[in-house]
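My notebook is open and I'm going through this structure piece by piece. Here is what I looked up, in the order I got to it.

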Amino acid sequence: MQELKSGTRELMQFYDCDEMRDYFRKKDKSLRSKLTTVSDAVKNLISDGEYIAVGGFGGVRIPTAVLHEIVRQRKKNLGLSGHTATHDFQILVAGECINRCDIAYIIGLEARGLSSNARKAVETGKVKVVEWTNAALAWRYKAAAMGVPFLPARNMMGTDVFRYSAAKEIECPFTGKKLVAYPALHPDVGIIHVHRSDIYGNCQIDGIQIADYEMARAAKKLIITTEQIVPTESIRNDPTRTIIPYYLVDAVIEVPFGSYPGNMPYMYYSDEEHLKEWLEAEKDPQRFKEFLDKNIYNVKDFYEYVEINGGLKKLHKLMQIEKLTKEGR
Amino acid sequence: MADYNSMELMICVASRFLENGATVVVGTGAPCAAAMLAQKMHAPNLMAFFEAGAFAPILPTMPISVGDSRTFHKALMASGMLETMEACQKGMVDYCFLGGAQIDMYGNLNSSMIGIDYEHPKVRFPGSGGANDLASLTWRTMVITPQDSRRFVEKVDFITSPGYLTGKGAREKAGLPKGSGPYKVVTNIGVLGYDEETCRMRIESVHPGYSVEDIKKNTGFELLLAKKITETAKPTEEELRVLREQVDPYKYIIGRG
């Protein structure tokens with residue numbers, strides 16, 4: 001057998017599985033209302049220095065209201081799981097809230113281009129990074145969700161992504177094959193936006209769930225924003241569709257259009273004009289500061305943010321684009 | 001000159017490599033258009049995965065994100081990312097399409113950084129996303145990219161997605177699934193493949209209006225030559241009609257050609 005390699009970076013976030021069993025044993029599993037406000041959820045559940053994970057896919061089904069509130073409350077030194085982190089990463093870097101990131105995909109906004117501000121933060125070392133891949137981070141959530149210390153897989157080996165990761169190679173006890181071992185990733189706080197939840201946190205998601213099934217089960221604390229609060233009766237009538245059960249959840253906040261300017265499948269498409277404004281504003285520091293004041297620091301809440309960017313009329317257009325009754329993408 | 005642009009040409013050429021009944025993971029942009037064109041031309045049962053969890057959609061228009069709602073419009077399944085990645089890992093996915101800032105003679109791709117000091121990159125790019133996963137775990141990696149010697153380099157600054165690494169047998173030695181690896185590189189000048197013995201990139205066909213010399217001039221390393229180098233068949237009228245009218249009517253992608 002050849003020598004087994006290790007990635008050269010330090011693991012940013014790891015909890016022993018027995019420590020996590022104790023934690024989850026003590027977690028309150030009573031069926032109680034988790035309803036709160038965005039501001040209280042951020043104040044009470046996210047502390048400076050903690051490690052967070054954001055659900056959705058960067059610009060799809062993202063919990064924008066919570067991300068903006070993290071910036072407004074000027075949270076500092078957070079760690080982030082950068083599992084296709086696009087607009088979410090852009091927001092958190094703009095607020096200078098994160099100082100480290102496990103990365104699969106950051107800086108870019110897919111086909112829209114790159115965030116110059118986010119890029120600068122990584123190039124100058126303001127945000128320290130450790131390399132992973134989308135599958136690797138999802139498997140790390142899955143290991144955590146399973147309650148085991150690691151999961152084996154067959155990607156990443158032989159590349160610089162492995163070299164600058166904190167993964168390890170192992171030998172398969174059955175086949176002798178070389179495998180990569182991914183350490184369980186328990187974020188301190190997960191934040192997920194969903195289509196429907198009841199007051200207890202039983203959640204349904206329409207369309208792809210990306211890695212939210214796993215991430216919800218891996219996170220120590222979980223904040224849910226939801227397009228609408230529904231009666232528990234409607235969850236009970238269709239329990240097959242419950243992706244996240246209430247006992248994982250610590251906070252539930254009803255935030256209609258809460259993924260804006262991101263896409264919310266079956267409801268509204270992403271606001272490409274506004275996302276472009278973000279990218280443009282970043283090119284000039286003074287202009288970007290004014291842009292952030294206007295859109296985040298000087299607005300009271302998420303409603304006001306939507307209002308100043310076109311309000312109901314804009315949302316109506318995004319609904320039409322999503323439903324293919326109006327051209328656009 | 002023919003009445004098509006280089007993006008249209010690359011999409012048409014790439015689409016011909018995708019056979020009916022195959023499975024492919026596609027991203028946004030040209031790969032998505034190539035898969036859609038193949039479905040409408042010769043491969044109605046070409047099944048497309050998107051990495052965020054969609055399977056076999058009927059795309060109403062070009063998605064802007066590989067996780068947006070277009071990717072699972074009238075799909076057979078809207079699942080999660082690990083469904084796609086695990087399908088790849090267990091050998092069910094024939095092709096993936098990737099790109100990058102740099103590619104070398106073994107098909108190794110860099111989409112992470114320019115520079116040699118990891119702590120101080122000259123330019124930082126987004127990173128792997130799902131690219132390393134797909135290059136590691138699908139059977140055949142396809143690349144669609146414009147060709148120039150800044151992109152086709154002797155040595156990539158960072159191996160984000162594995163090609164044949166250092167040559168024949170290196171993937172297997174590293175632990176990657178055997179029999180997998182780079183397949184074709186479709187550029188604006190020609191089609192490149194890989195020599196079976198050395199796993200080095202070779203010229204297989206040259207697009208109309210270009211020469212082998214043009215390909216060599218735009219490559220920063222020595223290319224091998226296939227035994228028989230052909231001229232790429234031009235896009236047919238039918239391919240162009242379907243591409244322009246049905247695949248990308250708003251010219252989101254072919255408008256960049």
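This is a predicted model: local features need pLDDT of at least 70, side-chain atom pairs count only at pLDDT 80 or more; totals for chains, interfaces and linings use all residues.

I started with helix α1 of chain B, residues 6–16, and counted how much of it is hidden: 9 of its 11 residues are buried, so the helix is largely enclosed by the rest of the structure. The buried residues in α1(B) are M7(B), E8(B), L9(B), M10(B), I11(B), C12(B), V13(B), A14(B) and S15(B).

What do those buried residues of α1(B) pack against? I found two helices of chain B on the list, α2 (30–41) and α7 (237–247). The strands β5 (95–98), β10 (140–144), β11 (181–186) and β12 (190–194) of chain B are there as well.

Is A35(B) buried or exposed? Its relative accessible area is 3%, and the cut-off for buried is under 20%, so A35(B) is buried. Leaving out residues up to four places away in sequence, I see A35(B) touching L18(B), V26(B) and L46(B). I also checked the spacing to L46(B): it sits 11 residues from A35(B) along the chain, and the two C-alpha atoms are 7.6 Å apart.

Next I looked up the largest nonpolar core, which has 184 residues. Those with the most contacts inside it are I70(A), F89(A), I223(A), I244(A) and I11(B).

I then followed I244(A), skipping its neighbours within four places in sequence. Its contacts include I192(A), V194(A), A216(A), L222(A), I224(A) and V249(A). G201(A), N202(A) and C203(A) are in contact with I244(A) too.

Over to a helix pair in chain A: how do α3 (residues 64–72) and α4 (residues 87–94) meet? Their axes come within 8 Å and cross at roughly 15°. Angles under 35 degrees count as roughly parallel, and therefore α3(A) and α4(A) are roughly parallel to each other. I noted the crossing as right-handed. On the α3(A) side, the contact is made by T64(A), L67(A), H68(A), I70(A) and V71(A). From α4(A) come D88(A), I91(A) and L92(A). By class, I have 5 nonpolar, 2 polar and 1 charged residues in this contact.

My last stop was helix α10 of chain A, residues 272–281, where E272(A), H274(A), L275(A), W278(A), L279(A) and A281(A) are buried. These pack against α4, α11 (285–297) and α12 (302–308) of chain A.

Conventions. Residues are numbered from 1 along each chain as its sequence is written. Chains are lettered from A and ligands numbered from 1 in the order in which they are written. Side-chain values use heavy atoms; hydrogens and water are left out. A nonpolar core is a set of buried Ala, Val, Leu, Ile, Met, Phe, Trp, Tyr and Cys residues joined through side-chain atoms within 4.5 Å. Buried means under 20% relative accessible area, exposed over 50%, partly exposed in between (1.4 Å probe, protein chains only). Contact means heavy atoms within 4.5 Å. Axes are lines fitted to C-alpha atoms, for helices over the stretch in contact, and angles run from 0 to 180 degrees between N-to-C directions. Helices (H or I, at least four residues) and strands (E, at least two) are DSSP runs, numbered from the N terminus. Angles under 35 degrees count as roughly parallel, over 145 as roughly antiparallel, 65 to 115 as roughly perpendicular and the rest as oblique. A crossing is left-handed if the near helix is turned anticlockwise from the far one by less than a right angle, and right-handed if clockwise. Ala, Val, Leu, Ile, Met, Phe, Trp, Tyr, Cys and Pro count as nonpolar, Asp, Glu, Lys and Arg as charged, and the others, Gly among them, as polar.
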